[in-house]
Amino acid sequence: MVPCPWEDITSLLLRVARRLGLSDAQRLLKSDQSGERPIAYDAQLPVLRTSHAYAAMERLLHLPETMLYGLTLHRFAPALLLPSHAKESTQRPLLSREGGEHFFFPLLTSKVCPLCLQEQEVYARVYWRMKLILSCPRHHCLLFDACPSCHAPIPTLRSSFTTCPYCKKNDRYRLEKPVVFPTRGLLFAGEVFLMRALGIEDGADSRGISLFQASPLLSFEPWLYFQLLERFGEVCRYLLPEQLRLAFCQHLLIPEGYPSLASAPKATRARAQQLVLFHALFAYWPKHWSAGLTTLQRVARELAGGCCQDELAQSDQLLHVLTTHQPDLDTIASGLKHLFESWTRLAHQQTLTQCREDLLLPTRHRLITRGNDVGGE
Ligand SMILES: [Zn+2]
Ligand SMILES: [Zn+2]
């Protein structure tokens with residue numbers, strides 16, 4: 001059986017099992033009668049690594065190793081791995097275990113698009129597993145990561161593409177009302193940019209990329225883009241609690257307003273905000289760059305509350321270099337990296353020592369009110 005575009009390895013296993021009249025893919029995995037050690041854990045499937053595992057899958061699916069590789073998460077390794085790491089691998093680059101855990105859902109679970117599950121050829125996409133891919137590039141609706149009825153995670157090795165194996169409600173995944181994903185604005189642009197960096201062209205359109213015209217983001221290698229995006233995710237997590245993030249989005253950087261993903265889980269909303277704020281720094285270049293970074297530095301300074309003066313002085317210097325001269329690409333990349341790390345360290349330290357949300361919130365609120373005057377131009 002030939003894999004469909006962007007198909008996940010567990011999806012192909014289920015389709016093959018069905019063709020053979022087996023009720024699920026687990027049975028297919030157990031049916032390998034070669035007498036050799038079977039593939040030990042289902043969780044190894046999306047990250048097939050050893051030649052033994054590849055050989056076993058080649059026997060089961062009658063596909064060459066190159067094709068099998070394309071069904072695994074390793075296909076994203078060239079975009080996600082540092083060039084030095086990618087070179088280390090002799091054949092095709094493999095994601096490390098940490099890399100897999102960092103960028104993707106736990107290996108036995110994934111998300112689904114209800115509209116993809118309504119199509120004639122139903123199958124699961126490998127990129128649904130990526131944490132930062134929040135929407136279907138083909139249908140522009142939110143992917144969901146839990147059963148709408150019983151809220152159980154969505155296992156990848158299940159006996160039906162459309163029915164939840166836990167509550168067994170018929171076609172529950174497929175019949176869920178799709179949540180429309182806005183197809184304009186920075187969240188959409190950020191998603192399009194991210195998929196472009198991963199080389200995903202599954203129905204994706206290039207609207208949105210034009211927002212980054214003339215910005216250095218377009219010149220970053222994919223691995224560098226992902227490195228900065230991830231470091232910024234840490235900044236968001238520690239420095240900007242949800243209310244502040246929203247205020248930041250609504251008033252400072254996002255003229256079109258912040259898309260409401262009210263029905264989405266908290267983790268999805270946090271990832272949406274990470275995408276919006278990070279891409280906002282680079283959109284309409286250089287409109288938001290200076291005000292955005294300066295505001296973040298001010299948040300960090302307020303949070304430090306008079307401590308960590310050395311660290312703050314260093315980040316002030318970096319900020320100066322990044323916002324007043326016309327820095328080249330290398331300076332922007334290394335400057336941002338250090339700035340993000342510094343803010344995360346500061347916020348982390350303060351969280352450890354103070355941990356008093358009630359004391360911190362009023363000052364943050366004042367800061368945002370002031371921030372509006374600066375950012376509002
Ligand atoms: Zn879809
Ligand atoms: Zn369920």
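This passage walks through the overall make-up of a predicted protein model and then a few of its local features.

The secondary structure of the protein consists of 16 helices and two strands. Of its 377 residues, 36% count as buried. Among contacts between residues at least 6 apart in sequence, 66% link residues at least 24 apart.

On the α9 side, the contact is made by Leu186, Leu187, Ala189, Gly190, Glu191 and Phe193, and on the α12 side by Ala272, Leu275, Val276, Phe278, His279 and Ala280. Nine of these contact residues are nonpolar, two are polar and one is charged.

Helix α10 (residues 222-239) has 18 residues, which at 1.5 Å a residue should span 26 Å; the C-alpha atoms at its ends are 25 Å apart, in agreement with that value. Buried positions in α10 are Tyr225, Phe226, Leu228, Leu229, Phe232, Gly233, Val235, Cys236 and Leu239.

The loops hold some backbone details to look for. Most residues other than glycine have a negative phi, and most peptide bonds are trans. In the loop between α12 and α13 (289-304) lies Pro286, and the peptide bond from Trp285 to Pro286 is cis, with omega near -5°. His151, in the loop between β1 (109-110) and β2 (154-155), has a positive phi of about 65°. His151 is exposed, with 12 other C-beta atoms within 10 Å. Cys308 sits in the loop between α13 and α14 (309-324) and has a positive phi near 55°. Cys308 counts as partly exposed, with 19 C-beta neighbours inside 10 Å.

Conventions
Residues numbered from 1 in each chain as written. Chains lettered and ligands numbered in written order. Predicted model: local features only at pLDDT ≥ 70, side-chain atom pairs only at ≥ 80, totals over all residues. Contact = placed C-beta atoms within 7 Å. Helix = DSSP H or I, 4+ residues; strand = E, 2+ residues; numbered from the N terminus. Nonpolar A, V, L, I, M, F, W, Y, C, P; charged D, E, K, R; others polar. Expected span 1.5 Å × (residues − 1). Buried ≥ 20, exposed ≤ 12 C-beta atoms within 10 Å, placed from the backbone.
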